[in-house]
Amino acid sequence: MQDFKNLVAKYADSSETASFNNLVRTAQRSINEPIFARYLDELQGKIFNILWRQDWFIVDSFKYRIKNPNDYFDSRRFAELKSRGLTCLANNNIDELRTIIFELVKITKSGADSDTQSIVNIIRG
């Protein structure tokens, strides 16, 4: 809730903010139930969807992901995607950079980094 309020809400439209707040209340009511974890995942997804529209987030996400080449099981593919991504940065081609990030995620080693931790590191970076 604090991350949303302090870091994400300024990028959300009024319906996204209302939806997030409603889901928070629902999650709070189910805190001792098995479904609680699903609500937390949904909240994280809402935060991600809001941030994914922000060009700065895409740029920071790419830069964060290329810091650790050992996080990828295909070093040749990683080098290719990194090079393409750097070209996209130079040309301000954010839409293509989004695609490259998806490709990087596909070759990330299992457990190399959790999506939640990545988002928090990128926002606070």
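Start by selecting Arg38 and Glu42: both sit in helix H3 (residues 36–52), four residues apart, about one turn of the helix. Helices here are DSSP runs of H or I, at least four residues long, and strands are runs of E, at least two long, numbered from the N terminus. Before you zoom in, note that this is a predicted model, where local features need pLDDT of at least 70, side-chain atom pairs count only at pLDDT 80 or more, and totals for chains, interfaces and linings use all residues. Residues are numbered from 1 along each chain as its sequence is written, and side-chain values use heavy atoms, with hydrogens and water left out.

Now show the side chains of that pair: Arg38 and Glu42 meet in a salt bridge, at 3.0 Å from N to O. The term calls for a side-chain nitrogen of Lys or Arg within 4 Å of a carboxyl oxygen of Asp or Glu. Arg38 counts as partly exposed, at 45% relative accessibility, and Glu42 is partly exposed too, at 30%. For these labels, buried is under 20% relative accessible area, exposed is over 50%, and partly exposed lies in between (1.4 Å probe, protein chains only).

Next, jump to helix H5 (residues 75–91) and pick Arg76 and Glu80, which are four residues apart, so about one helical turn separates them. Their side chains form a salt bridge as well, at 3.5 Å from N to O. Arg76 is exposed, with 58% relative accessibility, while Glu80 comes out as partly exposed at 31%.

Then move to helix H6 (residues 94–106), where Arg98 and Asp95 lie three residues apart, about one turn of the helix. What is the gap between their closest N and O atoms? It is 3.0 Å, in another salt bridge. Check the surface view here: Arg98 is buried, with a relative accessible area of 14%, whereas Asp95 counts as exposed at 57%.

Finally, zoom out. The count comes to 10 salt bridges, in a chain with seven helices and zero strands. Buried residues make up 33% of the 125 residues. Take contacts (heavy atoms within 4.5 Å) between residues at least 6 apart in sequence: 66% of them join residues at least 24 apart.
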